[in-house]
Amino acid sequence: VLPMKKIEICAMKRDRKAILEKLQSLGMVEIQTDNEETDDFRKMSTTSQRAKYEKRVQNTDEALQIIDKYAPEEKSIFASLEGRQEASEADIQEIIAGRWDYNRKVKKIQEISKDIAGCEAGIVKCQVAIDGLAPWLNMDIPINTTGTEKTDVMIGTMPPGLTETDIQGYISSAEPEIAGYTVTVVGSDKDQTCMVAIAIKTVSQRVEEILRSHGFTRISYFSKRTPEQKTDKYRADIREFEQWIEDKKNELVSMADDRDKLRLLADYYRIRADKYKVLGGLLQSKSTFVISGYVLERDADRVVAVLNENFSLMADVYDVPEDEAAPIQLQNPKMFASAEGVLESFGLPGKGEMDPTTPMAIFYIFLFGLMLSDAAYGLIIFLACFILIRKFPKMENGLQKSLRLFMYCGISTLIWGILFGGFFGDLITVVSRTFFHHEVTFKPVWFAPLNEPMRLLVFSMLFGLIHMFLGMGLKGYMLLRDRKYLDFFCDVVLWFLLLMGLILIFIPSSMFRSISQMDLNLSPAVIQVGKWMAIIGAVGILFMSGRDKKNPFLRLALGAYDLYNITGWVSDILSYSRLLALGLATGVIASVMNQMGSMLGDSILGWIVFILVFVIGHIFNLLINLLGAYVHTCRLQYVEFFGKFFEGGGKEFHPFRENTKYVDIKED
């Protein structure tokens with residue numbers, strides 16, 4: 001954990017924006033904006049300015065999305081690994097100088113997009129109208145026809161499935177003597193029957209009343225054209241809309257050359273919005289303003305020097321107060337820094353805690369390889385990560401750390417695979433026996449877990465015990481560092497005595513011989529020492545765990561409860577049996593895939609089937625066990641290892657810097 005300092009800056013109010021911009025370009029100071037106001041120093045609202053720049057960011061991002069939609073960039077499948085484009089200070093100044101022209105282009109792009117959306121909506125509307133007119137296409141009179149001098153024309157719909165005979169039957173049943181009308185069905189669909197009724201004016205009202213009683217409804221659509229003519233008009237409108245859209249799309253494509261400039265513009269406005277966000281949290285008087293925050297000890301002198309060189313101000317750097325939790329910035333060697341993302345997923349070190357990244361990284365890589373434990377899989381993981389890191393050096397820092405961690409895990413997996421004799425499971429044996437009729441084996445350097453699973457179980461628990469003892473040791477280190485000697489003795493030494501004593505008692509037992517299939521004979525003196533260690537540790541825990549309580553009964557109760565935690569240790573040790581389970585799973589699945597592929601024997605079809613099963617099966621096995629190894633290795637760190645000494649809860653150091661989305665700004 002890098003040493004952190006508190007920094008206070010007081011300067012003239014007229015320089016506040018320039019000072020903030022300088023601090024933002026340095027990116028070394030985390031500025032506090034939660035300070036309380038006083039009678040003399042108050043915060044100034046910057047909501048309107050901030051909202052203005054955030055709106056411009058939103059508009060520019062939207063314009064870029066529009067360009068990407070209609071003029072997409074050609075990107076490789078590894079584009080996400082290439083990192084951001086770099087921009088110099090000169091590029092930023094060029095954007096600042098031409099920002100109004102680019103703002104107009106952004107507005108133009110948005111307007112074109114709205115025009116395209118309007119045309120697309122028009123096409124949909126026309127198509128809906130065409131679909132609605134489809135049942136009426138046989139009607140050869142204008143849609144808005146209402147009649148002649150002596151007749152009324154009733155155009156409308158009735159329930160589906162009716163014929164002209166049915167409709168005329170409704171009328172004749174209601175008025176047997178009525179005459180002077182005609183009914184024509186011009187079309188129908190599943191929802192309606194489209195019809196035209198013509199009647200002389202003396203009977204038209206009665207005819208319409210009878211039709212309405214059977215579900216007749218006049219058409220609500222009006223046009224001086226016939227349905228066929230109106231349909232042709234809609235189709236012509238659609239063609240016009242489509243041509244308009246094509247022209248607008250071409251116009252957008254022609255503006256795609258400004259994509260990089262617009263990205264830089266969006267990031268410039270992002271920087272401005274962040275500046276006004278911080279500015280609104282600063283305490284200001286009539287003539288001065290105050291900045292308080294945190295800076296890394298290694299950067300403090302540089303920050304003060306740069307500020308004093310450019311402005312008239314007072315900058316004071318001092319130790320972080322004891323009652324204040326400073327933000328956390330980690331720094332580890334490159335190999336161990338690759339595991340910082342695993343730690344951050346759990347939580348950064350809290351106040352007074354050490355950074356456990358290095359010991360955690362060592363065991364993470366060690367246990368990951370033990371779980372996957374296949375030399376071929378390890379080689380594939382290592383080569384894939386190594387090539388990606390070399391080929392894309394500008395990828396995001398977090399992604400690069402993850403790939404570097406998996407690269408080291410690949411090396412660990414390769415080593416464990418050689419020790420256990422796993423190379424795509426038993427691929428060499430199966431291929432040589434099936435297709436070359438001469439069996440060749442990839443012999444393990446140590447032993448084969450599939451043949452001796454209990455041996456692997458014992459070593460898994462041994463590794464787990466070492467892992468957890470290291471956690472207890474780190475707890476002891478922090479207690480000694482803080483001069484808490486009594487806590488060190490009671491919470492660490494006594495537990496070590498109890499656990500080591502129980503182990504010495506357990507090793508020569510028949511249960512251990514049955515599980516491990518090993519006969520480790522310890523001398524009676526060693527066993528006796530183990531018994532006394534366990535007794536001293538148990539008695540000490542019983543009487544000392546509640547040492548801060550004055551009530552003797554409460555102290556004993558707390559001691560007994562703490563002593564009961566020995567069951568938690570047993571549970572934690574058993575958790576490391578997952579090393580056995582996942583190690584066996586990788587080898588068993590790989591072997592099953594090899595056996596399935598070789599079932600057709602030495603033939604052309606057998607070779608084809610074997611290759612297909614080999615590729616698909618081993619890709620599946622690699623991915624599923626890679627995920628399992630990642631998840632369970634994390635769990636062993638978070639629960640069994642961190643549970644012994646580490647709580648986390650620290651706040652990450654977030655310096656005020658130029659946070660961009662599209663480009664990385666280089667310092668001149």
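## Basis and conventions

Helices (H or I, at least four residues) and strands (E, at least two) are DSSP runs, numbered from the N terminus. The model is predicted: local features need pLDDT of at least 70, side-chain atom pairs count only at pLDDT 80 or more, and totals for chains, interfaces and linings use all residues. Residues are numbered from 1 along each chain as its sequence is written, and side-chain values use heavy atoms, with hydrogens and water left out.

## Overall form

The secondary structure of the protein amounts to 23 helices and 12 strands. Its radius of gyration, taken over C-alpha atoms, is 40 Å. Along the principal axes, the C-alpha atoms fill a box of roughly 130 × 85 × 60 Å.

Burial is judged by relative accessible area: buried means under 20%, exposed over 50%, and partly exposed in between (1.4 Å probe, protein chains only). Of the 668 residues, 44% count as buried. The accessible surface, computed by the Shrake-Rupley method with a 1.4 Å probe, comes to about 35200 Å², and 58% of it belongs to carbon and sulfur atoms. A contact means heavy atoms within 4.5 Å. Among contacts between residues at least 6 apart in sequence, 80% join residues at least 24 apart.

## Aromatic rings

Rings of Phe, Tyr and Trp (its six-membered ring) pair if their centres lie within 6.5 Å; planes under 30 degrees apart count as stacked, over 60 as edge-to-face and the rest as tilted. The whole structure holds 40 aromatic pairs. One of them joins tyrosine 364 and phenylalanine 368, a stacked pair with 6.3 Å between centres and 20° between planes. Both residues belong to helix H12 (residues 357–372), where they are four residues apart, about one turn of the helix. Tyrosine 364 is buried, with a relative accessible area of 1%, and phenylalanine 368 is buried at 0%. Elsewhere, ring pairs link Tyr377, Phe423, Phe424, Phe435, Phe436, Phe442, Trp607, Phe610 and Phe614 into a cluster.

Rings also take part in arrangements with charged groups. A charge sits over a ring if NZ of Lys or CZ of Arg is within 6 Å of the ring centre and within 35 degrees of the ring normal. The charged end of lysine 230 is placed over the ring of tyrosine 234, 5.1 Å from its centre. Lysine 391 likewise lies over the face of phenylalanine 392, at 5.9 Å from the ring centre.

Glutamine 284 is part of strand E9 (residues 283–284) and is buried at 5% relative accessibility. Its side chain makes a polar contact of 3.4 Å with the side chain of arginine 16. Beyond residues up to four places away in sequence, glutamine 284 touches several others, including Asp40, Phe41, Leu279 and Phe289.

Asparagine 625 lies in helix H23 (residues 604–641) and is buried, with a relative accessible area of 7%. Its side chain makes polar contacts with the side chains of threonine 586, at 3.5 Å, and asparagine 621, at 2.4 Å. Apart from neighbours within four places in sequence, asparagine 625 is in contact with Leu372, Leu582, Ala585, Thr586 and Ile589.

## Loop residues with positive phi

Most residues other than glycine have a negative phi. Histidine 437 has a positive phi, near 55°; this residue lies in the loop between helix H15 (427–435) and helix H16 (453–481) and is exposed at 58%. Arginine 483 also has a positive phi, near 60°. Its place is the loop between H16 and helix H17 (485–506), and at 63% relative accessibility arginine 483 is exposed.

## A link across the sequence

Glutamate 86 is located in strand E4 (residues 85–87) and is partly exposed, at 44%. Although 578 residues separate glutamate 86 from aspartate 664 in sequence, their C-alpha atoms are 4.7 Å apart in space. Leaving out residues up to four places away in sequence, glutamate 86 touches Lys394, Asp664 and Lys666.

Notes. The radius of gyration is taken over C-alpha atoms; the globule rule is 2.2 Å times the number of residues to the power 0.38. A polar contact is a pair of N or O atoms within 3.5 Å; within protein, one must be able to donate a hydrogen and the other to accept it, and residues adjacent in sequence count only if both atoms are side-chain atoms.
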